[in-house]
Each structure stands twice: as structure tokens, then as C-alpha cells.
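Colleague: Hi! Could you walk me through this one?
Modeller: Happy to, here it comes.

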Amino acid sequence: METFQSARRDFLWRIGSAAGAAWITAQWPGILAAAQHAHAAAKANPAPVFEVLTPDHAKEIEALSSAIIPSDELPGAREAGVVYFIDRALKTFAADAQPVYEQGLAHLRKMTSEMFPGVERFSAATLQQQEKLLAKLDEESQSGGRPGRRLGGASNMSFAETLRFHTLAGFLVDPEAGGNRDYVGWNVIGRDPAHSFSPPFGFYDKDYPGWQPASPETETK
Amino acid sequence: MTQAKVTYRPSHEVDFVIIGSGAAGGVLAKELSTNGFRVVVLEQGPYLTEADFTHDEIEVFNNHKLTNNPKRQPVTFRKTESEKAVLQPSVMYGRCVGGSSVHFTANYWRFHEIDFIERSKVGDIPGTGFTDWPISYADLEPYYTKVEWEIGVSGLAGASPFDPPRSKPYPMPPLPVKGSGVLFERGARKLGYHPFPAPMAILSQPRPGRSACVNCGFCLGFGCEVGAKSSSLATVIRVAERTGRCEVRPNCYVHQIATDTNGRVTGAMYFDAHRNTHLQKAKAVVVCANGAETPRLLLLSANKAFPNGLANSSGLVGKYLMPNSSAIAHGVFDEPLNDYKGPAVSRVFHDFYELDATKLGFYGGGGLDARFDFTPLAFAMNGLPPDTPRWGKEFKKALKQNFTRTMEIFCHATSLPVASNNFSLDPDVKDAWGLPALRMTFKDHPNDMKMVAWMADRAMEVLDAAGAKTKWRPPITEQQFAVHLLGTCRMGNDPKTSVINPDHRTHDVPNLFLCDGSSLVTSGRGQPTMTIQALAYRAADRITALAKRGDLAGPAVHAT
């Protein structure tokens with residue numbers, strides 16, 4: 001949580017320097033309230049109890065999300081607390097996806113024992129078996145809806161698509177939204193958690209001399 | 001001096017009721033109230049401010065914090081008028097005080113001269129309602145300048161050789177260049193094009209009560225926490241409220257415009273937050289509800305005197321929907337750009353603004369911009385090369401490698417006006433208030449598909465010239481989702497072929513005015529908001545002049 005607090009502090013400080021005193025005086029209480037709210041939300045989550053998922057389902061979902069974003073030398077879905085994010089999602093914004101999960105998990109269980117007799121559940125399968133099971137799930141989902149570019153969300157998303165979307169969300173959304181615990185997801189992809197930035201932003205704009213009109217020799221048209 | 005905020009009782013007849021508080025509604029509220037009129041702005045959505053804005057994608061995208069929620073206000077879609085429309089969230093617009101200007105990208109290109117006279121120049125295009133505007137670029141120029149200075153647009157005048165004439169430079173310098181902008185400039189110049197700093201409705205310098213952009217990166221799709229994005233909320237709405245004559249009333253869903261026996265409007269009927277119905281009385285009504293909700297409201301307001309919908313004697317209310325065609329190309333580079341920082345766009349070129357129709361075999365044109373507009377989650381869903389595994393070690397590795405090294409080139413282009421592309425009322429589906437749902441009928445004109453595919457190929461060449469090590473572009477598919485809601489109550493001199501006159505007055509009802517994306521006659525090149533606001537400033541001047549000479553109610557009219 002320390003990272004989160006210091007990111008917010010840095011944000012407030014930079015706004016102050018960018019905006020000047022008048023703006024900060026006018027907006028300070030509002031900004032502070034937002035920061036406190038976000039901090040409380042981050043602190044309250046992940047709760048170590050599941051509100052919707054049964055322990056059994058939680059174990060399967062953790063194994064599934066971990067197969068989507070595995071833990072290797074860098075943290076994965078497990079370390080980001082994705083299963084807790086999904087539990088909260090199924091209670092809040094994705095409550096109507098509960099049957100999708102229930103049916104999907106039941107289907108997966110059946111598929112697991114059919115494809116690998118003697119293996120009862122996804123979480124008990126070997127890595128290679130998990131790969132094959134995910135491939136099969138994904139293949140089946142190709143006929144279903146997929147979310148759009150703007151995350152508009154198709155209403156008929158399959159279990160595989162829903163699970164993948166929720167796993168990625170739990171790994172990568174701002175911790176304000178209850179995922180990406182301690183910014184582990186952002187650390188993996190290289191997203192600095194600060195709330196404000198100054199140029200240069202990266203490698204290519206480092207030595208940019210400022211905009212100039214095109215020189216005549218580059219004019220070909 | 002700041003006045004106390006005013007409130008009016010609905011039974012109190014004000015001068016103007018404005019429906020919608022977005023790009024156009026905000027400007028009209030500010031102009032009409034500072035000109036001395038009493039104004040009520042009715043906004044469907046909530047009144048959020050900077051303190052309510054968040055980087056929480058679940059809140060913003062999944063829970064539709066800033067936009068219409070298709071669960072409560074369903075939309076149906078079909079490609080042609082002979083099909084039955086199916087439930088499909090095919091329209092998105094801002095639904096909060098400030099409208100779509102709260103969450104937009106803030107690309108602020110002016111239209112060019114050609115956009116107003118293109119029909120005369122290239123001739124008829126069969127199967128379309130392609131026509132010239134009744135006003136010219138020169139008529140709008142002073143208002144474009146007014147937009148730039150009043151709300152705050154950053155840019156560099158004279159940097160693009162294709163720019164139309166302007167009376168004043170930008171009020172502030174461009175925003176910082178991003179890695180995508182530098183690479184775009186490099187590639188485009190190698191190919192002989194003329195990239196320039198993007199004109200953006202985002203502050204590069206602070207203004208009273210507003211911070212300069214802090215480059216937080218949660219820009220497109222989000223409300224600005226520091227007031228740097230020049231939304232109606234952060235600019236004109238506040239000026240309007242400070243006059244002490246304008247009340248902005250949120251959570252008011254207008255479902256009917258009331259009329260009297262003389263064929264004049266008397267006010268707007270709306271549901272409040274508790275679903276109680278009120279009539280806000282007014283001498284005149286200005287509808288700025290966007291190119292989907294404005295025609296829907298006119299159609300919902302049908303009555304005995306106006307059986308086909310209000311102001312619809314032409315039958316064109318809802319017709320000629322032009323959502324702008326577009327395409328996108330992605331490139332991955334060797335070194336980190338960290339393009340997630342800052343607003344989406346920093347460089348543009350307009351070399352293709354006016355393509356040679358005879359040479360290429362299709363009409364139209366557009367502009368290309370260099371951008372990165374993905375949140376981390378959106379990137380994981382849609383930002384990786386198409387052959388990347390969808391899960392597992394390799395997927396994770398691609399995320400790690402590409403998130404900081406990817407950029408996009410977005411091609412923004414024209415849509416032709418086709419009458420069978422339109423908004424209408426769905427005969428079966430109702431929204432959560434029991435009102436007929438919006439129905440969208442749309443199929444791209446083949447010309448637009450060809451043109452945008454051509455532009456996407458040029459974008460790939462620019463990425464190549466910039467040194468991209470991987471590049472790809474999704475196939476061009478027919479659009480089934482619209483955010484640019486243009487052309488659906490078009491402006492014109494002839495009441496038979498247009499809905500409003502050049503004063504934004506409806507041809508049929510003298511004290512009913514429309515101003516928003518629906519007023520547009522052509523679609524421009526994919527960046528309509530600047531023009532919508534320039535039209536709104538101009539409309540406010542025209543309406544003020546009519547009101548001052550006591551001409552709001554107009555001559556006696558016959559309802560058709």
C-alpha cells in the first residue's frame with residue numbers, strides 16, 4: 001500500500017506545481033477526498049474471505065487465472081490477487097455472470113475427466129494438461145461473443161472469454177478498482193504507477209529538438 | 001462577480017430550455033445566459049465534477065459511469081431497413097454534465113473549406129444525399145477562433161500546409177510530443193508528408209481554475225481530474241452558472257417536447273431522478289441531445305399536429321447518419337516509447353485531407369494521427385499482434401515486451417450521407433422508462449470502405465518508414481458501433497431536403513432550434529467536436545439576434 005500512497009502524494013504535489021495556488025486551493029478538498037476513498041478501497045481489498053465463490057470454485061478459478069497469466073520469475077495472476085477481484089466482480093459489476101461461471105466450471109470439470117480420465121479437476125491437472133484444457137475451452141468459445149476494442153462488452157460472452165477478461169482486469173486495472181494488488185500487474189508490463197508524468201516519456205522523444213517545418217530536401221511531393 | 005447559482009421552478013417560463021449539456025449545449029448555455037437570457041439546461045446524466053473522476057476502468061467502462069448504459073437504455077441494430085433489428089449496444093455517448101466532451105480524445109481539427117462545398121466540387125454520388133452546406137468555412141472561421149480561445153485549445157498555427165486560413169494563432173503552444181509522435185514524424189517525413197503538432201482541446205498551460213495537463217495517461221474515455229481537458233464541464237458550463245441566470249439540472253430525462261395549438265413548442269417534459277414527470281416551460285427550446293438522442297426525441301414528440309414527429313415534414317429526422325469511417329495500424333518498436341503517458345495523440349498529418357477522386361477512384365479523404373489510447377487492460381485485450389498466444393508464458397512475455405513499445409496510427413475519414421443509414425424508434429424494444437428504444441440502421445457505403453482501406457495501407461507504410469519491427473492492421477469491416485453521431489437533422493435552405501435552417505431553427509417550428517452533431521451536412525474528416533462547438537457559438541449569435549428583435553415565435557405556421 002505504501003506505493004499507492006506515495007503515488008497519490010506525488011500526484012498531488014505535481015498538480016500543485018503545475019496548476020498554481022489558486023487551482024489547488026479550490027480543488028484540494030475534493031482531490032483529498034478522492035485520494036482517501038481510493039486508499040480505503042485499496043486497503044480494504046483483497047479481503048481474505050470469499051463472498052460469492054465457494055472454496056472449491058475459488059481454487060479452480062485461481063488455477064485457471066494462473067494458467068492465463070502464470071507466475072514465473074515475475075508475479076502472475078496469483079500474486080495480483082485475481083481470484084479476489086473475480087469474487088468481488090461476481091458480487092458487484094459482474095453479478096449477472098455468476099451462472100456463466102457455475103455452468104462453465106461444471107463443464108470444465110466434465111471436460112477434464114473426459115480428456116484425462118482419473119483427473120477430477122483443472123487445479124489437479126499437470127501444466128501440459130491445463131494447456132490442452134484451456135486450448136479446448138478457447139476453441140469452443142470462438143463461436144461466442146468477444147468484447148470490443150473499447151471494452152464495450154458483448155452480452156453473450158462465453159465462460160472462456162469472461163474468465164479471460166476478468167483475469168486480465170484483475171491483473172491490470174488501477175488498484176482503485178480492486179485489482180492489480182500492489183501494482184504487481186503494472187510492474188510486469190512496465191506501467192509506472194505514478195499519477196502524473198513529465199516529458200521526455202521514453203527513448204524516442206528524449207533528444208527531440210522541437211518541431212521544425214520539413215526541410216526542402218526531404219520534400220518529395 | 002460570481003452570482004449565487006439560480007434555480008427555477010418548472011412552471012416558471014424561462015427564455016430557453018436547452019436539452020443536453022455537452023459540446024453544443026454547454027456553449028449555448030454560456031452564450032445565451034451571458035447575453036441576458038434565463039436558461040435551464042436539462043441533462044439526462046448526473047452532475048459529476050473533477051473529484052468524482054477516477055482511473056477505475058470497471059466504474060468507467062463496465063458500469064458506464066460517464067456514458068449511456070445499454071442495460072437501462074437498450075439500443076437495437078440492423079444493417080438494412082428490411083431486417084428486424086436486434087439488441088446490440090451500437091451507440092455510445094456521454095451521459096453526464098459535459099456530455100461526450102468529458103471523455104473524448106480532444107482532437108480539435110477545424111473542418112477545411114472543402115468540407116462545406118465538396119458536392120459542388122466532386123459532383124453527385126449515386127445512392128447518397130451528398131450536398132453542400134448552406135454556410136461556408138468563412139462563415140464559421142470567427143467561431144472556430146472563438147472556440148480555441150474560450151475553451152483552451154493547444155496547437156501551432158501554420159504548422160500544416162493544408163490548414164485553412166485562420167484569423168488568430170492558437171492561444172497556447174502544443175502539448176509535449178510523445179514517442180509515437182516522434183516516430184510518426186520520422187516515418188511521414190521520409191515519405192514526403194507533412195506531420196504537425198496535434199491541435200488538442202487540452203491545456204498545455206494553466207488557466208484560472210484549471211491545471212495544465214499532468215500527462216496522467218487516463219485520458220480517452222475518462223474525465224479529467226485536474227480540469228485540463230477543455231470539456232464543456234470544465235469551461236462554458238461554469239461560466240454559464242456564474243451568470244446567475246442559468247440552471248443546470250442533472251438527472252432529467254426529457255421524453256417529449258410539448259407543443260401548443262399554434263404549432264409552437266412550450267417547453268420540455270422530463271422524468272426527474274424519481275421518475276416524476278415535469279414540464280419545464282420555456283419561450284423556446286434548443287435541443288443539443290446529440291445526433292442519436294435529438295432525432296429520437298423529435299420522433300418521441302409526435303402528436304396529432306406532428307404525426308411523423310416534431311419538425312419532421314421533410315421525413316429526414318434521423319436520416320443520413322454519418323459515424324465517420326476509420327482504420328487503425330499498430331507498430332512495435334525496439335525501445336520503450338512509454339506512450340501510455342500523456343494524452344492519446346501528439347502528431348497528425350493532413351496530406352490525405354482532399355484525395356484526388358478521379359485518380360484513386362473514390363471520393364473523400366482524412367487525416368492520420370499518431371497515438372496510444374490503450375489502458376493497460378484494453379491493451380491486454382486488444383493491443384497485441386494478432387498471432388500472439390492468448391494465455392500462458394508467451395502471452396505474458398508479449399505483454400511485458402510490447403506494452404511500452406507499441407504505438408498506433410489512427411486513420412480518420414469521411415462517411416457519405418445515405419438515407420437508409422439512420423436512427424429511428426424501435427417498434428418493440430423499450431427502455432427502463434418504458435420509452436421506445438433507439439434503433440440504428442447502418443451499412444457503410446462501399447466508397448468509404450475503399451477509401452479507409454487505402455489510408456490504412458499508407459499508415460502501414462509510415463510505420464515501416466519509422467522503423468517498426470512488427471506492424472499489423474486489423475481488416476476493414478463494416479461498422480456496427482457509432483460514437484460520432486452526425487448528420488441526422490441536417491442543415492439546409494430547403495425545408496424539403498433539410499430539418500433546420502442556417503440559423504439552426506427547425507423549418508417547421510419557429511421556436512424550436514437544434515444544434516449538435518445532427519446539424520452537420522457532411523461528416524468532415526473524423527473530428528467533429530470542434531465544428532459542433534463552432535456551430536453552437538454561431539447558433540447562439542443567430543438565436544440571440546432573433547430573440548432581441550422579438551422574432552422567436554416566428555410568423556404563423558401550419559403544422560403538417
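Modeller: Let's start with a pairing: Leu42(B) stands opposite Arg249(B) of strand S6 in chain B. One note on the source: this is a predicted model, where local features need pLDDT of at least 70 and side-chain atom pairs count only at pLDDT 80 or more, while totals for chains, interfaces and linings use all residues. Residues are numbered from 1 along each chain as its sequence is written, chains are lettered from A and ligands numbered from 1 in the order in which they are written, and side-chain values use heavy atoms, leaving out hydrogens and water.

Colleague: Which way do S2(B) and S6(B) run, and how many bridges join them?
Modeller: They run parallel, with four bridges joining S2 (residues 39–42) to S6 in chain B. Strands here are DSSP runs of E, at least two residues, and helices are runs of H or I, at least four, numbered from the N terminus. Two strands pair if DSSP finds at least two bridges between them.

Colleague: Which residues of S6(B) point which way?
Modeller: Cys246(B) and Val248(B) point one way, Glu247(B) and Arg249(B) the other, and all are buried. Buried means under 20% relative accessible area (exposed is over 50%, partly exposed in between; 1.4 Å probe, protein chains only).

Colleague: Switching topic, how many disulfides are there over all chains?
Modeller: Zero, counting a disulfide as a pair of cysteine sulfur atoms within 2.5 Å. Cys288(B), for one, is in no disulfide, and its nearest cysteine sulfur is that of Cys515(B), 5.5 Å away.

Colleague: What's the strand order in the six-stranded sheet of chain B?
Modeller: The sheet is open and antiparallel, in the order S5-S11-S12-S13-S10-S16. S5 (196–197) and S16 (470–472) of chain B are at the edges with a single partner strand each, so one side of each has no neighbour in the sheet.

Colleague: Which helix packs on that sheet?
Modeller: Helix H11 (residues 446–466) of chain B, touching S10, S11, S12, S13 and S16 of that chain. Contact means heavy atoms within 4.5 Å.

Colleague: And chain A, how many helices and strands?
Modeller: Eight helices and zero strands. Of its 221 residues, 48% count as buried.

Conventions:
Axes are lines fitted to C-alpha atoms, for helices over the stretch in contact, and angles run from 0 to 180 degrees between N-to-C directions.
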